[in-house]
Amino acid sequence: MQLDENGNQKKLSKRDLGANMSDYSRLGYAPAAVAEYLLTVLNSNFEEWRLGNADKPYTDFKFNINKMSVSGSLFDLDKLRDVSKNVVAMLTTEKVWEYFSDWAEKYDNEFYQLLARDPDYAKAIISIGRGVPKPRKDIAVWSEMKDYMAFFYDELFVEGKEYPANMSTEDIAAVLKNYMSIYDEHDDQTEWFGKIKELSVSMGYAASPKEFKQNPEAFKGHVGDVSAVIRMAVTGRVNSPDMFTVMSILGKEKVLSRISAAAADHRHQIAQADGHIQFMRTAARSELHPRSSCRSPLFRSAEVGFSGT
């Protein structure tokens with residue numbers, strides 16, 4: 001059974017997503033995620049057990065037939081995705097690589113070829129936020145990995161346009177230009193962010209959101225805005241994993257190349273705007289002096305000479 005859009009129970013049709021086992025393979029659900037979801041459906045005490053045994057495999061759970069629901073079970077795709085995110089987050093980098101590369105080879109061979117070109121590079125991306133007390137939970141199914149990883153590959157990278165709305169084009173261009181001169185791939189994370197804060201302050205932005213909130217009239221914005229400019233130039237996205245780690249994986253050459261391209265784009269926008277302003281000024285002068293503006297200097301000289309004879 002499952003709930004329809006009105007919250008009513010209905011039978012799971014063979015046409016519904018999840019009714020066929022091939023759906024799980026095609027979307028890329030890890031087998032362990034499906035197994036854990038089924039245990040939450042079949043045994044009412046599994047979720048409580050999981051909370052107290054986060055690091056143990058689901059096979060350690062003692063299934064109890066007496067804990068099964070007598071009224072039947074509901075299929076909940078959203079719940080399946082939540083369970084899957086938790087399961088994938090706890091997998092090691094090597095296990096994710098094993099499962100994901102096998103899936104990609106079968107279902108997205110073009111992307112698999114990019115991955116296989118440099119497995120260590122792919123594994124470095126996969127390792128972000130993994131193996132820590134609070135791991136990232138970005139991925140529910142392997143079919144989502146391409147979008148998650150795409151900006152790391154030049155073949156899939158798309159330049160972003162969603163820069164902070166409170167920043168002028170001139171300031172964005174200046175941030176990008178100035179950051180290129182201070183970026184050092186050898187900096188540790190503290191030094192890396194310290195330089196972004198110093199750049200922010202030098203351009204009239206607060207060193208922290210807290211400082212900005214205390215006196216917003218004194219600043220153009222805060223360090224988060226400046227960081228957002230760098231993030232957008234490097235990843236093309238508003239949100240991404242930890243930028244220090246992202247830039248370390250991308251490497252200096254790729255980081256500076258993308259920032260340089262974004263800076264050039266904003267300089268072009270400034271030049272276009274300046275040209276438009278100049279055009280409008282010229283047009284305004286033409287409206288004020290229609291007779292003189294439509295004649296060349298040579299023609300006007302001739303006209304003055306003729307009238308003086």
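Biologist: Which residues lie nearest the centre of the largest cavity?

Modeller: This is a predicted model, so local features need pLDDT of at least 70 and side-chain atom pairs count only at pLDDT 80 or more, while totals for chains, interfaces and linings use all residues. Residues are numbered from 1 along each chain as its sequence is written, and side-chain values use heavy atoms, with hydrogens and water left out. A cavity is a set of points, on a 1 Å grid over the protein atoms alone, where a 1.4 Å probe fits but cannot get out; lining residues have an atom within 4 Å of a point. The lining of the largest cavity has 13 residues, and those nearest its centre are R130, R136, D138, I139 and Y148.

Biologist: What is the volume of the largest cavity?

Modeller: There are two cavities of 30 Å³ or more in the structure. Grid points are joined across faces, edges and corners, and a volume is the space filled by probe spheres set on the points. For the largest cavity, that comes to about 90 Å³.

Biologist: How many helices and strands does the protein have?

Modeller: Both are DSSP runs, numbered from the N terminus: helices are H or I with at least four residues, strands are E with at least two. The count is 16 helices and two strands.

Biologist: How many salt bridges does a search of the whole structure find?

Modeller: Side chains of opposite charge can pair when their charged atoms come close. The test is a side-chain nitrogen of Lys or Arg within 4 Å of a carboxyl oxygen of Asp or Glu. The search finds 15.

Biologist: How many residues apart are R81 and E144?

Modeller: These two side chains form a salt bridge, at 2.7 Å from N to O. R81 sits in helix α4 (residues 77–90), and E144 is in the loop between α7 (119–126) and α8 (145–149). The pair links distant parts of the chain, and the separation is 63 residues.

Biologist: Why are K95 and E98 separated by about one helical turn?

Modeller: K95 and E98 form a salt bridge, with their closest N and O atoms 3.5 Å apart. The turn follows from their places, because both lie in helix α5 (residues 93–107) and they are three residues apart.

Biologist: Does D108 count as buried or exposed?

Modeller: Buried means under 20% relative accessible area, exposed means over 50%, and partly exposed is in between (1.4 Å probe, protein chains only). The side chain of D108 meets K146 in a salt bridge, 3.6 Å from N to O. D108 is in the loop between α5 and α6 (109–117) and K146 is in helix α8, so the pair ties together parts 38 residues apart in sequence. K146 is partly exposed at 30%, but D108, at 17%, counts as buried.

Biologist: How far apart in space are I126 and T92, C-alpha to C-alpha?

Modeller: I126 is in helix α7 and is buried, at 3% relative accessibility. Leaving out residues up to four places away, I126 touches T93, V96, W97, M145 and M149. In sequence, I126 and T92 are 34 residues apart; in space, the distance is 9.2 Å.

Notes
1 Å grid on protein atoms, 1.4 Å probe; cavity = no way out; pocket = protein on both sides within 12 Å on 5 of 7 lines; lining within 4 Å. Contact = heavy atoms within 4.5 Å.
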